[in-house]
Amino acid sequence: MGKDECKTMLDALNKVTACYRHLVIALGSTSDSQNLREELKRTRKKAQELAVANRTKLTSLLKDKSISKDDRAEYERLWVLFSSSMELLEVDMKRSLEIGQDFPLKVPTRHLIQTGMTGSTTTVAARAMSVQNMKYEADSNIDTADLRDLQCEISQVSQMMEEMEMKVQVAPWAVEAKQEAGAELKSNMSVGNSSVGVISICEEEPKEEDGGGNRDAGFASICAVLVFFVIVTVAVVLGYLVINMS
Amino acid sequence: MTIRNTLRDHGQRYRPRMACLKKAEKLLLEMQDPKTGVKSQPQRLVITTIPHAITGEDIIAWLADRFQVDTQEARNFVSMLVALGYIYPLQDHRRLVIKPDASLYRFQTPYFWPTQQWPVEDTDYAIYLAKRNIRKRGILELHEQEHYNRLHKWMNHKWDFVVMQAKEQYRAAKERKKPDRVVFECQERAYWVVHRPPPGTVSAMDYGLDRLTDPNADEVTGLLCCSFKHYTPLTRSLCFLCSRRLVKYCSTYKSHDPFLSNCLPSNPWLTDDATYWSLNMPSVEIPTKMRVERWTFSFAELLSDPRGRDDFRLFLKKEFSGENLAFWEGCEDLKWGEAATMREKAEHIYKTFLARGAPRWINIDGKTMEVTVKGLKHPHRYVLDPAQTHIYMLMKKDSYGRYQKSPVFKDTVKKAICPEEHRYSDAQLQQNAKKRRPSLSPIILRQMEQEQRAKMAANVDITQVMSKLSKQGKEAPPPFLAPPLRNKHKRVMFRDFYRRI
C-alpha cells in the first residue's frame, strides 16, 4: 500500500540523514580525510535521491482529494516527518560546505583540529549506503571539486523545499504525534552490542515493534542454546553407554 | 512550515561582541600545529586510550608565550575560549572553567564551534535529549528532564521525527569504534552545556538583542568617520559637558546598579529569592536605605518612585501645599491617560486648581495662566504643560529642599531598613530554584493602583481646602486677567526658564 511504501522510504531517508550528520561532525577534525569527503558526497547523493522519491510519492498522495480524513491526517504526519528531515539535511549540507571550505585537505600545512577522534567513518557511511563495504574511487582533488557540486546541490535542495512549501498546504502544527514522551526507550536495542555485521537492504523493524519483543527474542535464543547443549550432552552420554554396552 | 534562515532574511541577527568568534577560530588553528602548537598527551581511560588531551597549564603557558602577556591575562583569555565552547573540560564537564593545573581538556570539533549564522535549534536539542534518554535509560538530570517535558509539549507535532532521528543517530554512533564513540559523546555533551547551560550557570553565547549589521563584514567608511580635532569649539565643549555629566551620573549611581555592585539582600535573578522585590514594592511601608538615598539624588528620582512620592505628599500635607503635587499628578494623568476621558479630566483640573475661587488653587503667574486658560478652550494632551512645568520647578526649588530637611524625611531615613546579604550554599540555591513562583499578575497590580488612586481622590484633605479658602479671603483674587503678582515664586520661575536644567 502507498502508506507502507512511504514509511519505508521515510525510514531510509531518516537513516541517511542521521548518518550524514554524523559524517559532517567528523569534518575538520583528525578523522577527516579524503575518504570522508567521498563518503559525504555519496551519502548526500543518496539522500537527495531518496528525498526526490519521497517528495513525489507524498505530493501525489496528498494531492489526491478522495482520501479519508484519517488517511489524510496520516499523510500529513508523514509530510511533517519528511519536511523535518529535509530541514536537517539542508542545514547539514550548508554547514559541511562551510567547514569544507575552511579545512581544505590538499594544502602543504594541513591543520586539522585534534579532537581525539582518529578512527575512520567507513562503517557509518556503509550504514548510510546500505552496503557492506565502501569502495573509494575518488580523485585527489575531491575536496575542492566536490564543493562546487555541493553548492549546486544546496541550491537544488533549497529550491525543492520552497516548492514543497508552495505546493502542499499542510499545517505542521496541526499534526499530532503518535509517540508519547519516552517512546525512544521502548524500541531500544540491547546496550553494549555494536551492530557491525550484515546490514540488510530491506529496512529495520517498523516503529510499532516493542522492546519487549527484543528482550524476549534474547531470552528465547539463550534458552534454545541451552537446550541444544543439554541434548548434545545427553546424546554423547547415551552414545558412550551404547558403545560400552556393545 | 517553519521559518528558516534564507538568504533574503533581513532580520537582525548579529551581535557586535561576537566578532571575537572568527578571531578565536584562527587562534585555534594555530594551536593545532604539531611543532609550535599546544602539546597533547593521551588520556587513559579504563580500557581505552584517547589521544589529543591537553592540560590546562599547557594551554595557558602557550597563550602567554604566543601573545607575550602575563599568566593571569592568558588565563582569562583561555577561560573565555572554554566558556564559548572551543575547548571543553574532560573532568567536571558541567563547569566550563579553566583550571591552571594538570586537568585535561580537548578541542571541540568544528561542527560544534559556536557560530552566529547557525542558531541553536530546539529540534536538535530535543534529539539530543532523546538520545541521552536512551543512553541513560530514562534517568535524565533534573533540568534536562524539565527541558524534555517542555519540548515534548511545544514541539509535539515534530515528536515522531525527534524519536526516529534520535534512534537512528544513536545507532549510527554505535557504528564507530569505542574511543571515537566516547569522544563523540563528550563533544556533544560539551556543546549542549554551552548552549543550554545547567541552572545556576550562564551561557557565554547569551547576548542581548540582535543587531542588523554583521561585525565580520567589511565596514562602511566615510560618512560618519571624523576625528575629534575636526569638531568646532562649540561641539567640543558640548562633548565635554556631556562626558562630565555622564561621569557624574556614573559615579552617583554606581553603588545602586545591581550589575556593578551587590544587590541587597540578593539579586533575585541569581539566587531565585524574591525578597529584594518584595522589599522594594511600589507601596511598601518601610523603604530600604538605598531607595531613600536615591530620593536625595534629584527631584525627578523622588517623584518617579511611588513610595517617595507618598512621602513627599505627606510632607506637603503638613505644610498645607499639597495642591501643587496634586496638580502635577493630574497633569501627568492627562498627558498619559486615555483620549476619551481627556476633556473631562481637563475640565476637572481647571475647576479644582485653576479657576478663580477653586478649592485647591495653585499659584502660577499670570502669563502662564492666560496661556493655559486659552488652551483649555480646545483641550488636548499637552495643554497644561506650561503650568505643569512651572509647578514642577516650584516644587523642585522650594519644597524639595525643605523636604530634605524636614522631620518627615528624617523619620523615614531613620526607619529605613538595610537588609542583610544572603549567603546561599549550592544546595539552597537549587532549593530556591525549585520554589520559583510567578509574581503578582500585572492586572492585579494595576487594579491595586487604581483603587489607591480612587481612595486618594476621595480623601482630599479637608483641612487643606479650608485653609486655602480662608487664605483666599485675605489675599487679592487670583491674577486671572490682572497684572502678574510680584512674588519670589515668579522670579524663581524666570530664572529657571533660562538656566539649562
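In strand S4 of chain B, the bridge partner of B:Tyr88 is B:Arg106. The structure is a predicted model, in which local features need pLDDT of at least 70, side-chain atom pairs count only at pLDDT 80 or more, and totals for chains, interfaces and linings use all residues. Residues are numbered from 1 along each chain as its sequence is written, chains are lettered from A and ligands numbered from 1 in the order in which they are written, and side-chain values use heavy atoms, with hydrogens and water left out. Helices (H or I, at least four residues) and strands (E, at least two) are DSSP runs, numbered from the N terminus.

Three bridges join S3(B) to S4(B), residues 104–107, and the two strands run antiparallel. Strands pair if DSSP finds at least two bridges between them. B:Ile87 stands opposite B:Phe107 in S4(B). S4(B) is also joined to S2(B), by two bridges, and this pair too runs antiparallel. Here B:Ile54 stands opposite B:Tyr105.

These strands form part of an open sheet of four strands in chain B, with the order S1-S2-S4-S3 and antiparallel pairing. Its edge strands are S1 (41–44) and S3 (87–89), each of which pairs on one side only. Neighbouring strands are turned by 55 degrees against each other on average, direction ignored. Both faces of S4(B) are covered. B:Leu104 and B:Arg106 lie on one side, B:Tyr105 and B:Phe107 on the other, and all are buried. Buried means under 20% relative accessible area, exposed over 50%, and partly exposed in between (1.4 Å probe, protein chains only).

Helix packing was examined next. Two packed helices are described by the angle between their axes and the distance between the axes. In chain B, the axes of H4 (residues 122–135) and H5 (residues 142–154) come within 10 Å and cross at roughly 125 degrees. Axes are lines fitted to C-alpha atoms, for helices over the stretch in contact, and angles run from 0 to 180 degrees between N-to-C directions. H4(B) and H5(B) are therefore oblique to each other. Angles under 35 degrees count as roughly parallel, over 145 as roughly antiparallel, 65 to 115 as roughly perpendicular and the rest as oblique. The crossing is left-handed (the near helix is turned anticlockwise from the far one by less than a right angle).

Contact means heavy atoms within 4.5 Å. On the H4(B) side, the contact residues include B:Tyr125, B:Tyr128 and B:Leu129. On the H5(B) side, they are B:Glu144, B:His147, B:Tyr148 and B:Leu151. By class, the contact has seven nonpolar, two polar and three charged residues. Ala, Val, Leu, Ile, Met, Phe, Trp, Tyr, Cys and Pro count as nonpolar, Asp, Glu, Lys and Arg as charged, and the others, Gly among them, as polar.

The loop between H4 and H5 of chain B holds B:Arg137. This residue has a positive phi of about 55 degrees although it is not a glycine. B:Arg137 counts as exposed, at 59% relative accessibility. B:His52, in strand S2 (residues 49–55) of chain B, also is not a glycine and has a positive phi, of about 65 degrees. B:His52 is buried, with a relative accessible area of 13%. The peptide bond from B:Leu264 to B:Pro265 is cis, with omega near -5 degrees. B:Pro265 is placed in the loop between H8 (233–253) and H9 (268–271) of chain B.

Chain A has six helices and zero strands. Buried residues make up 45% of its 246 residues.
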